[in-house]
Each structure stands twice: as C-alpha cells, then as structure tokens.
Amino acid sequence: QVQLVESGGGLVQAGGSLRLSCAASGRASMRYPMGWFRQAPGKEREFVAAISWSGGNTRYADSVKGRFTISRDNANNTVYLQMNSLKPDDTAVYYCAAKRLVGIALVWVNPLDYDYWGQGTQVTVSS
C-alpha cells in the first residue's frame, strides 16, 4: 500500500509562489510515475503536471506551463510542485497521485490512470 501526504499549500497573493511537497511511503512508491492534479469548487479534477519515475520525463497542463515545475527526489521519497507567478485561477485543492507501474519512463495525464491519491492541500491565490 502507498500513502501520499501533501503539504505546502496556503494563501498567497497573485504573482507569488508556493512549493507543494508530496511525501510518499510504501513499497516501490518512488519508482512509480507521479502526478499533480487540482480541483476547484464546482469543477472537475484536472491535470496539472506529471513526472516519470526517474524524473527524466515531465508534462504540464497548458495553463501552468512556464510557471509550474514538477520534480522529484527519490532518495527522500518526495515529489514537488514549484508554483510561480500564481494567479487567482490557480485556486484549488491540489492532490498528488501515484500510478502503480514500476520502471516505465512515461507520464500519465488522466486522473483515472492513477491508483493512489493524497488527501489534498488547499492553495488560495488572492487578487
């Protein structure tokens, strides 16, 4: 079983930055592809960013490209989402997710492809 715990959310003014962390525990968890998703009130959960198990392959939603950076530290079982130039539209609960698939250098953008989810962390961007 894999457990994911997000942290780093909070309230920030537009133009500011936050760094989200996702601590993973469980067997082989740091060999899984990982992703970040977000869900705003009244909206569906949407893809934000994804990273392959080695970190060599990443993908971003168009809405965050150039502002957000996903990375991972497999030695410390943590995935990060650095968010810069935040906008009010980025306000949402952010979730990290892991796909139970070892050693494949691909990324996935559909939330239905992920097997494990964290509890989420709230990000609020004020205008």
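**Chat on a disulfide and an aromatic cluster**

A: Phe47 is buried, at a relative accessible area of 15%; buried means under 20% relative accessible area, exposed over 50%, partly exposed in between (1.4 Å probe, protein chains only).

Q: What sort of model is this?

A: This is a predicted model, where local features need pLDDT of at least 70, side-chain atom pairs count only at pLDDT 80 or more, and totals for chains, interfaces and linings use all residues. Residues are numbered from 1 along each chain as its sequence is written, and side-chain values use heavy atoms, with hydrogens and water left out.

Q: OK, how many aromatic pairs are there?

A: The structure holds 6. Rings of Phe, Tyr and Trp (its six-membered ring) pair if their centres lie within 6.5 Å; planes under 30 degrees apart count as stacked, over 60 as edge-to-face and the rest as tilted.

Q: Why is the Phe37 and Phe47 pair put in its class?

A: The ring centres of Phe37 and Phe47 are 5.8 Å apart and the planes are at 70°, so the pair is edge-to-face.

Q: Is Phe37 buried or exposed?

A: Phe37 is buried, at 0% relative accessibility.

Q: Which residues form the aromatic cluster?

A: Phe37, Phe47, Tyr95, Tyr114 and Trp117 form one cluster.

Q: What sits over the ring of Trp117?

A: The charged end of Arg45, 4.7 Å from the ring centre. The criterion is NZ of Lys or CZ of Arg within 6 Å of the ring centre and within 35 degrees of the ring normal.

Q: New topic: which residues form a disulfide?

A: Cys22 and Cys96, with sulfur atoms 1.9 Å apart; a disulfide is a pair of cysteine sulfur atoms within 2.5 Å.
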